[in-house]
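Student: Could you walk me through this model, piece by piece? I would like to ask as we go.

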Amino acid sequence: MTEHTTDRILPDRILIIEDDAETAAAVAAAVRDLGCTPVHRDTLDDGVAEAALGGYRVIVLDRMLPGGDGVEAMARIRAGGSGALILILSALGRAAQRVEGLEKGADDYLPKPFEPEELRARLRALLRRGTMQVLDNDLMAFGDLEIRLKARTVHVKLTHVPVSPKEFELITYFARHSGQTVTRMQLLENVWNLHFDPGTNVVDVHVGRLRRKLEEAGSHAIQTARGEGYVFAPLPGAG
Amino acid sequence: MAAAVAALAMLAMGLQYRLVETRLMQAQRALLTADLDGFAALYDQRRIIAVREAIALRAASGADEMLLLMDRQGGVLAGTLPGWPEGLARQGGGFTIDPAQEIIRDGHRWLAVARELPGGFPLLLGRSLQPVDDTLADLRRGMLGLLLAVLLAAGGTGWLAARWVMARIGRVNALADRVAGGDLSARLPGPRAPDEFGLLETHVHAMLDRIENLNRATHHLSDTIAHELRTPLNRMVQRLARLEGQEEEVGALKAEMRQAIRMFDALLDISRAEADQGGGGLVPVDLSSVAAEVWELYEPLAEDKGLLPRAEVASGLQVLGDRTLIAQVVANLLDNAIKYCGPGDSLALTVATEGGRHVLRLADSGPGLPAGLREEAFDRFTRADRDRARGIKGHGLGLALVRAIAARHGARLILPQTARGLTVELAFPVLAEGGV
């Protein structure tokens, strides 16, 4: 959390490579919501050149652009020396295309049309990933909630909370994104490795079970975020 | 065909045989007649004495002949026989050929005339029919051989012709099977023969080209529509997000839009899975673990709804596939089953190897498919009237996607008849050990 101070002094810059003005404006709005500075380029070549100048934390990249496919351009962006995380935002949003994008090096892939909350959650996760310190031990502690990664156990107030293997993965993902809104889609993609929208509340049932177990043990770490997902906020006032 | 040819050949040979037999008998008769004429002439000159001398002379020559002249008391005057053959009747007293009779002696046939010359002298003249019989036997053997040859040739020719025709038809049949299996781009290799079969193949190819083009155009259109609609939809979603107040209205609109987007996505997925049929792009996938993962995702939902979920998944069953698509199929089937089943209904997932295929089976004890919907349940936009009546939400694309993905994987989609509920089976081809 020490990063926050430097963040405020020098806002993170996010490069948007997108040819549709309306979409670019929506992305820019989301970027500003996060307190970052958006820079917009509307052709692939301009975007790749801008990325090479450096200083970007995240690049939001469209696929069908004047000048080529964003997925193919990722190698050029990397070759230009940019270490930015790449979020592909594309109308080519089917599962196979998403998997292809991720396999070719994208850090996240969001299909259009997207909801601003979803984009914000994704961008926040990427920004967080950029600063997250490598955990050098296997304990994640949030006040009286403790997660032991090697033993795969969860304790609340020193009481063991029995969780299923999937629930453990779920709470670990929440813990890694503590304080952020996490969407159902993010959970499906990262915890279940499923890249399609099942269209039912399957995820809610799992989160609900985990949440009840934690609540019975006295922790209200998981809360519903208005509209779009969940927030893991184990410490009052954190996040 | 072969039998008719053989029968005709047999008839022709039979006629030939009769003719030869008749001619040979006539020749023997003619020879016997000549003998009789000779003896008649001698008899005219010096009666019995001349005949006796002639017979003695002939008998001495050792020729294989039947000659016998006897006296009134039954003594042999001259001849090749020791006595009158038993039971042989004497017919008439002249030297004419008729009546002649066939007798058996020394194991073969003779054409003989038995007479009693004036004064009571029995006379027997006969010619062996052995040469005739030998010739006929040879002829019969020859004919039998020929008949066998004709039968073999006719059968062989028929078999070859049938095989050739069947092979040509088989090619077209195999092509039809591949097309029916979803590979619209399947064609027959090699040049067309300049005959009716070649023409048939050309016609089938022209037909397939047309179907394939129409199909491609349809897919392209649905892809384009879905993609082009995403841009305005995206703008709508963005503007909706900027609206302040009227939370309820905005929420409802968002939900509607999400539903519409899901429908486009499902259509896109279906057309993509259909367009990719027969193509590559599949990799070895652990069917068991994908099924188990998706099951694990849906099981709590089923439990919460009061169903009795049960899974039996054999581990490590590999198929050639697309992990996401297989996960989507299992998710769609589970989603569908959970949607229709009520508290107390059972829901069983089985993954096992059966009959040389990896079979994924989901059986529920819910309401099953309405009568008359079995055939079309997997068509796009098929929804039972009772769903609308009961307010069950859906766009009627879930099972259509299941069918498209099954076809993409070469898996057979089967709906076994069950007493209760709905059972859906997907039988995947087994991935050969270590092969891709």
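Predicted model: local features only at pLDDT ≥ 70, side-chain atom pairs only at ≥ 80, totals over all residues.

Student: Now the contact between the chains: how many residues come from chain A and how many from chain B?

Tutor: Chain A puts in 26 residues, and chain B puts in 27 residues. On the side of chain A that touches chain B, the elements giving two or more residues are helix H2 (21–33), helix H5 (95–103) and helix H9 (202–216) of chain A.

Student: Which of them gives the most?

Tutor: H9(A) does, with four residues on the side of chain A that touches chain B. Sorted by class, that side of chain A has 13 nonpolar, five polar and eight charged residues.

Student: How do H9(A) and helix H5 of chain B cross?

Tutor: The axes of H9(A) and helix H5 (residues 287–304) of chain B come within 8 Å of each other and cross at roughly 80°, so H9(A) is roughly perpendicular to H5(B). From H9(A), the contact is made by Val202(A), Val205(A), His206(A) and Arg209(A), while H5(B) supplies Leu297(B), Tyr298(B), Pro300(B), Leu301(B) and Asp304(B). By class, the contact of H9(A) with H5(B) has six nonpolar, one polar and two charged residues.

Student: Switching to packing in chain A, at what angle do H3 and H4 of chain A pack?

Tutor: Helix H3 (residues 44–53) and helix H4 (residues 70–79) of chain A pack at an angle of about 30°, and their axes are 10 Å apart. H3(A) and H4(A) are therefore roughly parallel to each other, and H3(A) passes H4(A) in a right-handed crossing.

Student: Which residues meet there?

Tutor: On the H3(A) side they are Leu44(A), Val48(A) and Ala51(A), which meet Gly70(A), Ala73(A), Arg76(A) and Ile77(A) in H4(A). The residues of this contact of H3(A) with H4(A) divide into five nonpolar, one polar and one charged.

Student: What about the three-stranded sheet in chain A, in what order do the strands run?

Tutor: It is an open sheet with the order S12-S14-S13 (chain A) and antiparallel pairing. Strand S12 (181–183) and strand S13 (222–225) of chain A are the edge strands, each pairing on one side only. Neighbouring strands of this sheet are turned by 40° against each other on average, with direction ignored.

Student: How many bridges link S12(A) and S14?

Tutor: S12(A) and strand S14 (residues 229–232) of chain A pair in the antiparallel sense over three bridges, and in S14(A) the bridge partner of Thr183(A) is Gly229(A).

Student: Last one: is Val154(A) buried or exposed?

Tutor: Val154(A), which lies in strand S10 (residues 153–156) of chain A, counts as buried because it has 25 C-beta neighbours inside 10 Å. If its neighbours within four places in sequence are left aside, Val154(A) is in contact with Ile147(A), Val161(A), Val163(A), Phe168(A) and Ile171(A).

Student: And how far is Met140(A) from Val154(A)?

Tutor: Their C-alpha atoms are separated by 9.6 Å, and Val154(A) and Met140(A) are 14 residues apart along the chain.

Technical notes:
Residues numbered from 1 in each chain as written. Chains lettered and ligands numbered in written order. Axes fitted to C-alpha atoms, helices over the stretch in contact; angles between N-to-C directions. Parallel < 35°, antiparallel > 145°, perpendicular 65-115°, else oblique. Left-handed = near helix turned anticlockwise from the far one by under 90°. Contact = placed C-beta atoms within 7 Å. Nonpolar A, V, L, I, M, F, W, Y, C, P; charged D, E, K, R; others polar. Pairing = 2+ DSSP bridges. Buried ≥ 20, exposed ≤ 12 C-beta atoms within 10 Å, placed from the backbone.
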